[in-house]
Amino acid sequence: MSENQNLLAEQRRALILDEVRRRGGVRVNELTRKLGVSDMTVRRDLDALARQGVVEKVHGGAVPVVEASTHEPGFEAKSGMELTAKEDIARAAAAMVAPGTAIALSGGTTTYALAHQLLDVPDLTVVTNSVRVADVFHAAQRTSGQRQGAATVVLTGGVRTPSDSLVGPVADQAIGALHFDVLFLGVHGISVEAGLSTPNLAEAETNRRLVQSARRVVVVADHTKWGTVGLSSFAALEQVDTLVTDDGLTAGAREEISEHLRRLVVAGEPEDESEHENETDV
């Protein structure tokens, strides 16, 4: 069987993962027919997804891994997932940021990708509870020196989580005293019923404070976060102004999200300007 060269490995694996989650399991021979690739290619894809911990291989196919609502992967584990989607989302979100504004970036691998895209936006004030995000800006200053227009970074302090976010009373108090134009928020899970959620109770409270201190809330989340529910909810979908995601989101999910959010941005796809003609970026 000839290989389908139109799909990159990451795109193909995203389709496989979506199929596994939607149907509760798939067989190798079904995937070879659906994707037009060889049996060996599908098995390599399933091996890669199994190493990421998102599927479990069984005889002849794979089933989804059912994670506990308290399971929180570390930063390194999450950083290897959906790389292309995160980069696309980061570029789309960065286009919403104007020079001279005060923004907040929560913890997460997608906000980490966004931080890299914001290095050339002048005169930003960046509030973050992410050690990794702060390091992006500090590393840029060490490399190029104290340059004109470099971002001013405010790191909240607090107790470090497995995903390298700072949470707890110290972080909450610092965030509560601040006000920023827009919050770019990474999430563990997003759904209509649970809203935005995380497996970490302390992180839920810190995220809640971030949402309360922001004039606008922009969630940056790849399509795999849709339908995932963590232990603690910290915001309803109606509190989100914009969701920036990737083109792996299904048509049904897009329709459902659009019923609850003011604006849905799918990275790489044109927007319907009439849906947000009265909005301005910050």
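Visitor: Which residues of helix H6 meet which residues of helix H7?

Guide: Thr 111, Tyr 112, Ala 115 and His 116 on the H6 side meet Arg 132, Val 133, Val 136 and Phe 137 on the H7 side. Keep in mind that this is a predicted model.

Visitor: How do I describe the way two helices pack?

Guide: Packed helices are described by two things, the angle between their axes and the distance between the axes. Here, the axes of H6 (residues 109-117) and H7 (residues 131-144) come within 9 Å and cross at roughly 15°.

Visitor: Why are H6 and H7 called roughly parallel to each other?

Guide: Angles under 35 degrees count as roughly parallel, and H6 and H7 cross at roughly 15°, so they are roughly parallel to each other. As for handedness, the crossing of H6 and H7 is right-handed.

Visitor: What about helix H1 and helix H3, at what angle do their axes cross?

Guide: Roughly 75°, with the axes of H1 (residues 9-23) and H3 coming within 10 Å. That makes H1 and H3 roughly perpendicular to each other, since 65 to 115 degrees is the range for that word. On H1, the contact is made by Arg 12, Arg 13, Ile 16 and Leu 17; on H3, by Thr 41, Arg 44, Asp 45, Leu 46, Ala 48 and Leu 49.

Visitor: Now the strands. What is the order of the open sheet of three strands?

Guide: Read it as S1-S3-S2, with antiparallel pairing. S1 (26-27) and S2 (55-58) stand at the edges with a single partner strand each, so one side of each has no neighbour in the sheet. Helix H3 (residues 39-51) packs on this sheet, where it touches S2 and S3, and its direction makes about 135° with that of S2.

Visitor: How many bridges join S1 to S3?

Guide: Two, and the strands run antiparallel. Look for Arg 27, whose bridge partner in S3 is Gly 61.

Visitor: Which strands pair with S14?

Guide: Strand S12 (residues 214-220) is joined to S14 by three bridges, in parallel; there, Val 218 has Thr 242 as its bridge partner. S14 also pairs with S15 (residues 263-266) in the parallel sense, over four bridges, and Val 244 stands opposite Val 265. From S14 the chain crosses through helix H10 (residues 251-258) to S15, a right-handed β-α-β crossover.

Visitor: Are the faces of S14 covered or uncovered?

Guide: Both faces of S14 (residues 242-245) are covered. Thr 242 and Val 244 are buried on one side, and Leu 243 and Thr 245 are buried on the other.

How values were computed
Residues are numbered from 1 along each chain as its sequence is written. This is a predicted model: local features need pLDDT of at least 70, side-chain atom pairs count only at pLDDT 80 or more; totals for chains, interfaces and linings use all residues. Side-chain values use heavy atoms; hydrogens and water are left out. Buried means under 20% relative accessible area, exposed over 50%, partly exposed in between (1.4 Å probe, protein chains only). Two strands pair if DSSP finds at least two bridges between them. A crossover is right-handed if, with the strands pointing away from the viewer, the path from the first strand over the helix to the second runs clockwise. Axes are lines fitted to C-alpha atoms, for helices over the stretch in contact, and angles run from 0 to 180 degrees between N-to-C directions. Angles under 35 degrees count as roughly parallel, over 145 as roughly antiparallel, 65 to 115 as roughly perpendicular and the rest as oblique. A crossing is left-handed if the near helix is turned anticlockwise from the far one by less than a right angle, and right-handed if clockwise. Contact means heavy atoms within 4.5 Å.
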